[in-house]
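Dear colleague,

I am passing on the structure below, and my notes on what was found in it follow directly after. Please read them with the structure open beside you.

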Amino acid sequence: QVQLVESGGGLVQAGGSLRLSCAASGSIRSINTMGWYRQAPGKQRELVASATSGGSTIYADSVKGRFTISRDNAKNTVYLQMNSLKPEDTAVYYCNLNQLGVWTGFRFYDYWGQGTQVTVSS
């Protein structure tokens with residue numbers, strides 16, 4: 001019902017920048033939260049940044065001041081501008097959308113992209 005497609009990952013040197021994009025399609029509610037999670041080898045998936053359709057944002061402490069999340073609600077697209085990348089940012093980054101069910105509005109649903117690899121070399 002909802003599909004997320006990420007792009008923009010790659011290999012970059014420490015201090016470099018990458019911009020991730022995630023386009024959502026399907027049954028998207030006007031009120032939702034889109035964000036980016038990442039999972040490094042041997043670690044649990046963690047929230048990197050999220051943004052509500054209303055404009056509220058949350059960042060992990062580890063990326064504050066370096067990453068910026070933004071949205072284009074008209075395109076159902078979320079971006080993650082990553083600057084001053086560090087080796088510890090290396091992970092698979094997953095796009096996420098959370099919203100109340102379209103047909104079951106009493107329950108929140110999480111949708112995930114396929115993930116895009118970000119590798120930061122030292």
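Strands β1 and β3 pair in the antiparallel sense over six bridges, where strands are DSSP runs of E of at least two residues, numbered from the N terminus, and two strands pair if DSSP finds at least two bridges between them. Within this pairing, glutamate 6 has cysteine 22 of β3 as its bridge partner. β3 also pairs with β8, again in the antiparallel sense and over six bridges, and there cysteine 22 stands opposite valine 78.

This is a predicted model, in which local features need pLDDT of at least 70 and side-chain atom pairs count only at pLDDT 80 or more, while totals for chains, interfaces and linings use all residues. Residues are numbered from 1 along each chain as its sequence is written, and side-chain values use heavy atoms, with hydrogens and water left out.

Serine 50, which lies in strand β5, counts as buried because its relative accessibility is 11%; buried means under 20% relative accessible area, exposed over 50% and partly exposed in between, with a 1.4 Å probe and protein chains only. Leaving out residues up to four places away in sequence, serine 50 touches Thr33, Met34, Gly35, Ser56, Thr57, Ile58 and Ile69, contact being heavy atoms within 4.5 Å.

Glycine 105, by comparison, sits in the loop between β9 (91-100) and β10 (108-112), and counts as partly exposed because its relative accessibility is 40%. Apart from neighbours within four places in sequence, glycine 105 is in contact with Arg29 and Leu100.

Best regards

Technical notes. Helix = DSSP H or I, 4+ residues; strand = E, 2+ residues; numbered from the N terminus.
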